[in-house]
Amino acid sequence: MNEKFHAARGLRTKEASATLLGAILALALAGATPLTAQAPTPQTPPPAGDNNSKNAQTRITPEQGKELFALVDQLMKFSSEETGLPVKSSVKRQLTSRAEVEKYLKEKFDEDESNRRLQRGEIVLKKFGLLDRDFDLKPFLLALLTEQIQAYYDSKSKTVNMLDWVSVDEQKPVLAHELTHALQDQHVDLEKWSDQTPADVSTNYQEDEDHLAKDEMDTAREAVAEGQATAVMMDHMLKPMGKSLVKDPEIVEFIKQGMSGSQDSPVMARAPLLLSESLLFPYREGLSFEQDLWIDQGQKAAFAGVLDRPPRSTWEIINPREFEKAKIPVVPLLPDIHPVVDKAYKPYDIGQVGELDLEILVQLFGGEDLAHELTPAWDGGLYWAGQLRDATPTQQASTKSIAFFYLSSWRSAASAQVFAKLYASSLGRKYSGLHHEENAGKAAAHAGGSSETDEEVYTTDEGPVVITTRDKQVFVAESFDLPTARKLTSMILDAQGSGEVRTTRLARPNIAMPVPSTTLSGGLVHLFAESGVMKAVVEAAMKAAAAKE
């Protein structure tokens, strides 16, 4: 377990205390059914043209451009020495304008399959309550990325792109970051290594299993790639002062604390929690992951070693010492649900709800303190979403056409109960006409078992919501009719076995070339990480380095 990460966040423990969880939950839920005390910032797209306005007219001179081009080979050598990854070929270099960056981003949205899948999945994010129903995701993402990108390495063209409106001094550490990606690309081929997402939604039990077994690999690999590059960037700043991430490990916490944007990042300041956390996760937690491996096992393990044997989940990224022990992340079992759902619904999305996703959900619904306390008690999760087969084209653009279920596993029954109550308290955020059916509640013990099942039923403008708690499991079914919801609840809760059974599916061979699906946050993490190094990260690193002078 990453002790520095947990200590910095103050409340991390191996298993959450039921008493403390109850106290925090009471505070979080006091006086409200839905949560209103920590309402999110309104999710509205920024007005056109407000990105980096004070720097919009800045252009580096032709002489400065030549200086930047000359720095590429020098910084490539530095990055190679830091990582131990050999330079196998020179890297093409290009000075890029703001208009060209915007064109590059728009092409990624229009042509990249994973980003098209992300846009298709926007409706699922809204159904979960991670985005407001009226939030327009694509223009906000374009504005956010245009504001944040400081440079980017294009793994298709093998070119490092430097921005003609960013000063030479600011671009030096950024180049060290992006040229680390070039070295990674020469070692593993980033196009294949980091993006194997299938174009099609799984439509049967075998495909469901395959998606779930490999679902978080992309997100974990992005964290490795960005964590390594950020470590090199940071050491480029620290080495002239005789310092380094290994010799001065406390510097990482300064960087992480500073990754919250600034007055120069107005779009970032307005970003919904899902977007800001997805943007920062691979840099923030990837950097901690890499630092721990570097300190514990040395340079080779932290760079070439982890590229050759990458983690498979955000749980391993957040808990690097569990990764060092080769522990297998847990994934709940999903039985064959298709005979139950396929007549009325066509499969729309499936995936894990990983530790990153869970922390975002809890923070959004209950606040940061509860998220820090409850997340370590998480023990796996998955979701499935279907779209009504008879939905019209207009209805298909609405969350009303979607039904989904979500299974959340916990390390203790007390934690499961806390999460169930928290989730129920959040329903008013996304549904109107919310009404709690008072005749639900305690149900009989499930067939063949002794655990008592607690069921809560709500009616909403988009159909019933059924939240069922059994021992360490919480199962949520939204917008299915009640008989279908209860049948799915029984099937999936009855299918859960021991931790050993639930993890054997991830230990299967044939994972060297993964075919992952996308977790709730996974598509966003991939989009941000693939687009280039972000301004919030560079500024945080520069401030941390300045503080150590």
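# Helix packing and sheets in a predicted model

Me: Which residues in α25 do L274, L275, S278, L279, P282 and Y283 in α14 meet?

Reply: This is a predicted model, so local features need pLDDT of at least 70 and side-chain atom pairs count only at pLDDT 80 or more, while totals for chains, interfaces and linings use all residues. Residues are numbered from 1 along each chain as its sequence is written, and side-chain values use heavy atoms, with hydrogens and water left out. Contact means heavy atoms within 4.5 Å. On that basis the α14 residues meet L524, V525, F528 and A529.

Me: How many residues in the contact of α14 with α25 are nonpolar?

Reply: Ala, Val, Leu, Ile, Met, Phe, Trp, Tyr, Cys and Pro count as nonpolar, Asp, Glu, Lys and Arg as charged, and the others, Gly among them, as polar. The contact of α14 with α25 has one polar residue and no charged ones. The nonpolar count is nine.

Me: Which class of angle do α14 and α25 make with each other?

Reply: The axes of α14 (residues 273–297) and α25 (residues 522–531) come within 8 Å and cross at roughly 60 degrees. Axes are lines fitted to C-alpha atoms, for helices over the stretch in contact, and angles run from 0 to 180 degrees between N-to-C directions. Angles under 35 degrees count as roughly parallel, over 145 as roughly antiparallel, 65 to 115 as roughly perpendicular and the rest as oblique. The two helices are therefore oblique.

Me: Is the crossing of α8 and α11 left-handed or right-handed?

Reply: Helix α8 (residues 168–188) packs on helix α11 (residues 217–238) at about 140 degrees, with the axes 8 Å apart. That makes α8 oblique to α11. A crossing is left-handed if the near helix is turned anticlockwise from the far one by less than a right angle, and right-handed if clockwise. The crossing of α8 and α11 is right-handed.

Me: How many charged residues does the contact of α8 with α11 have?

Reply: From α8 come K172, P173, V174, A176, H177, T180, H181 and Q184. From α11 come V224, A225, E226, Q228, A229, T230, V232, M233, H236 and M237. Nine of the residues are nonpolar and seven polar. The charged count is two.

Me: How many strands does the protein chain have?

Reply: Helices (H or I, at least four residues) and strands (E, at least two) are DSSP runs, numbered from the N terminus. The chain has 26 helices. Its strands number eleven.

Me: Which strands are the edge strands of the open sheet of four?

Reply: Two strands pair if DSSP finds at least two bridges between them. The order is β1-β3-β2-β11, with mixed pairing. Each edge strand pairs on one side only: these are β1 (92–96) and β11 (533–534).

Me: What residue in β3 does L95 stand opposite?

Reply: β1 and β3 (residues 159–163) pair in the parallel sense over five bridges. In β3, the residue opposite L95 is M162.

Me: Which strands does helix α7 touch?

Reply: Helix α3 (residues 62–83) packs on the sheet, touching β1 and β3, and its direction makes about 150 degrees with that of β1. Helix α7 (residues 137–148) also packs on the sheet, at about 95 degrees to the direction of β2 (149–154). The strands that α7 touches are β2 and β11.

Me: How many of the nine residues of β6 are buried?

Reply: Buried means under 20% relative accessible area, exposed over 50%, partly exposed in between (1.4 Å probe, protein chains only). I402, F404, Y406, S408 and W410 point one way from β6, and A403, F405, L407 and S409 the other way. Strand β6 (residues 402–410) is largely enclosed by the rest of the structure, because the buried count is nine.

Me: What is the bridge partner of Q352 in β5?

Reply: Strand β4 (residues 345–352) is mostly covered, with seven of its eight residues buried. Seven bridges join β4 to β5, which run antiparallel. The partner of Q352 is L382.

Me: What relative accessibility does K158 have?

Reply: K158 lies in the loop between β2 and β3. Its phi is near 60 degrees, a positive value in a residue other than glycine. K158 counts as partly exposed because its relative accessibility is 36%.
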